[in-house]
Amino acid sequence: MLKKFGRTTKIDQDQEGREVPPGQFVTDKFPVLTYGAIPKIDMDTWQFKIFGLVDEEVTLDWRQFNGMGKVVIDAEFHCVTQWSNLQNTWEGISFNDLVKLVKPKPEAKYVMIHCYGGYTTNLPLDVVADDDVLFAFKHDGEPLTPDHGAPLRFIVPKRYGWKSAKWANGIEFMDKNVPGFWETRGYHMDGDPWKEERFWNELG
Ligand SMILES: Nc1nc2c(c(=O)[nH]1)N[C@H]1C(S)=C(S)[C@@H](COP(=O)(O)O)O[C@H]1N2
Ligand SMILES: [Mo]
């Protein structure tokens, strides 16, 4: 157990001795967690927009998006409903490579990830500007299925799963930390599983 800035950070272990964030249980499954219906997406009109506090906004179609250099990342996945899957391989376009297409303004300190269907989630820019953050179109070597976010989902392994937005279609750069879909409904603005940042009130 580690004491940090007056708050307690604990690390749990599963039955095989692997470290998991506090309060999490390991599963080999990848349960589907979606609020609402799976959006219908037409690949002919599919678009990915990078907008907000940038010098010039960029819109990519599916062909342009796929023409970018790809990355493959192994990552853990921690859902706030307490399941953790420790082994996932994601393939897609790294967040940092997409940022290079626009020039964020100096006052851009936060991002909102936007999705088909209207789901959103907010994150600090310094959290997502990490090597393991990507927009993925493949999971464990296979194209994403519609229920897991096809054709494209955001993946931010160091945060709870609700920040890994499915059916992603845009990045908005912002100067203020505006709450997204679940953050408006009580989920934590940062959502670090190792600090057990589940909710912003005392429910967690
Ligand atoms: N667009 C969208 N993305 C979403 C969600 C959602 O309801 N809508 N649920 C989130 C939650 S709470 C989790 S844990 C993960 C689950 O991903 P999975 O359904 O692929 O397992 O997706 C996240 N991304
Ligand atoms: Mo979740």
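**Briefing on the predicted protein chain**

G52 counts as partly exposed, at a relative accessibility of 29%. This is a predicted model, and its protein chain contains four helices and 15 strands. The radius of gyration of the chain is 17 Å, close to the 17 Å given by the globule rule for 204 residues, so the chain is as compact as a globular protein of that length.

**Overall dimensions and packing**

- The C-alpha trace of the protein chain spans about 45 × 40 × 30 Å along its principal axes.
- Of the 204 residues in the chain, 47% count as buried.
- When contacts between residues at least 6 apart in sequence are considered, 66% join residues at least 24 apart.

**G52 in strand β6**

- Strand β6 covers residues 48-52 and includes G52.
- Not counting residues up to four places away in sequence, G52 touches E57, E172 and F173.
- G52 and V20 are 32 residues apart along the chain, and a distance of 36 Å separates their C-alpha atoms.

**N122 in strand β11**

- N122 belongs to strand β11, which comprises residues 120-124.
- The relative accessible area of N122 is 0%, and because buried means under 20%, N122 is classed as buried.
- A polar atom of the N122 side chain lies 2.9 Å from the backbone nitrogen of G180.
- G180 is also one of the residues in contact with N122 when neighbours within four places in sequence are left aside; the others are V111, M112, K163, N177, V178, P179, E183 and M189.

**F181 in helix α4**

- Helix α4 consists of residues 181-184, and F181 is located in it.
- F181 has a relative accessible area of 13% and is buried.
- Apart from neighbours within four places in sequence, the residues in contact with F181 are Y35, Y119 and T120.
- The C-alpha atoms of F181 and A37 are separated by 15 Å, and the two residues are 144 residues apart along the chain.

Definitions and conventions. Residues numbered from 1 in each chain as written. Chains lettered and ligands numbered in written order. Predicted model: local features only at pLDDT ≥ 70, side-chain atom pairs only at ≥ 80, totals over all residues. Heavy atoms only, no water. Helix = DSSP H or I, 4+ residues; strand = E, 2+ residues; numbered from the N terminus. Rg over C-alpha atoms; globule rule 2.2 N^0.38 Å. Buried < 20%, exposed > 50% of the residue type's maximum accessible area, 1.4 Å probe, protein only. Contact = heavy atoms within 4.5 Å. Polar contact = N/O pair within 3.5 Å; in protein donor to acceptor, adjacent residues only side chain to side chain.
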